[in-house]
Amino acid sequence: MVDNRYATALVIGSVLSILATVYLSVAVGTQHWYQYWSPPAMGEANASELRAMQEEFMSSDFDEKAYSDTLFRLNGTLGLWWRCVLVPTHSHWYKEPGKGPAVTHPKMVTECVSFTLPQQFMPKYREPGNHNSGEDVVRTYLWRCQFLLPLVSLGLVVLGGMIGICACLCRSLTPLLGIGVLHLLAGICTLATVCCYLAGMDLLHRVSVLPDGVDGNLGWSLYLALISCPLHMMAAALLVWAARSHGQSYYRMTAYRVA
């Protein structure tokens, strides 16, 4: 028999866990962790350069400097698995200087390229694009951690859910303490993911100079991941409290019956 307080804690903890998992899954699968705002192209020469950068971005081999420069210049967004740029649907790229409003108002579309699994583990260099500058170990491992930690977090939650289903089938609250610890570890991994990403972007901007007029800020995907962290920890607190409180009540009742 489960006390109503413990049942309420279990329900709320389960809902928080589901919300946190959904938020983290959406954050991992989207590209809006960091986004850049770029000025429009001015002049045909500049427009031709941007078109060439777009083509290289979509078709060339992986190169950190090449794709970073394109992100800077083409309103790019960067995620854990995706890098995207915002481009017009046709060849009218630029605004004529001194001609008033833009010549055309083309529809803008987002074009994305995914990071492959080998690319996620490629080393970063002290000077992006210059393989002779030596590996930047800190940036390399920050990038790898930001890729691996959210997967670990989701795996811990899935494991906790499987244990919870088994516990329900067995009508036992004993595994709740372990499930709460798994959720706590998942929250810590999620927080570490956000910290690694922010640190990695800060180091990237120190070694890569942003062009004039280009600005960058955090995107909504990162905030979703950040929100999922306290949700996991609140779920962990409720599950641990329910497990410990129910265990203490059970032992007191057993001792009373024996006496």
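Tutor: A residue is called buried when its relative accessible area is under 20%, exposed when that area is over 50%, and partly exposed in between. The model is predicted. With those cut-offs, C84 counts as buried because its relative accessible area is 1%. C112 has a relative accessible area of 30%, so C112 is partly exposed.

These two cysteines form a disulfide, with an S to S distance of 2.0 Å. The count for the structure comes to one disulfide. The link between C84 and C112 is right-handed, with 110° about the S-S bond. C84 sits in strand β4 (residues 82-88) and C112 in strand β6 (residues 108-114), so the pair, 28 residues apart, ties together distant parts of the chain. In general terms, a disulfide is a covalent bond between the sulfur atoms of two cysteines.

C166 is partly exposed, at 46% relative accessibility. C196 takes part in no disulfide, and the nearest cysteine sulfur belongs to C145, 4.8 Å away. C196 counts as buried, since its relative accessibility is 11%.

Next come the charged pairs. Side chains of opposite charge can pair when their charged atoms come close. The whole structure holds four salt bridges. In one of them, the side chains of R139 and E64 meet at 2.7 Å, N to O. That pair also links distant parts of the chain: R139 belongs to helix α5 (residues 137-170), E64 belongs to helix α3 (residues 64-73), and they are 75 residues apart. R139 and E64 are buried.

D136 is buried, as is R139. Together, E64, D136 and R139 make up a network of salt bridges.

The side chains of R206 and D202 meet at 3.1 Å, N to O. Both lie in helix α6 (residues 176-207), and because they are four residues apart there, about one helical turn separates them. R206 is exposed, with 63% relative accessibility, and D202 is partly exposed, at 36%.

Back in helix α5, T140 deserves a look. The relative accessible area of T140 is 0%, so this residue counts as buried. Leaving aside residues up to four places away in sequence, T140 touches M122, P123, K124 and E135. With K124, a polar atom of the T140 side chain lies 2.9 Å from the backbone nitrogen. Q120 is 20 residues from T140 in sequence, and their C-alpha atoms are 9.3 Å apart in space.

To sum up, the disulfide joins C84 to C112, the salt-bridge network links E64, D136 and R139, and the side chains of R206 and D202 meet in a salt bridge.

Technical notes: Residues numbered from 1 in each chain as written. Predicted model: local features only at pLDDT ≥ 70, side-chain atom pairs only at ≥ 80, totals over all residues. Heavy atoms only, no water. Disulfide = S-S within 2.5 Å. Helix = DSSP H or I, 4+ residues; strand = E, 2+ residues; numbered from the N terminus. Buried < 20%, exposed > 50% of the residue type's maximum accessible area, 1.4 Å probe, protein only. Contact = heavy atoms within 4.5 Å. Polar contact = N/O pair within 3.5 Å; in protein donor to acceptor, adjacent residues only side chain to side chain.
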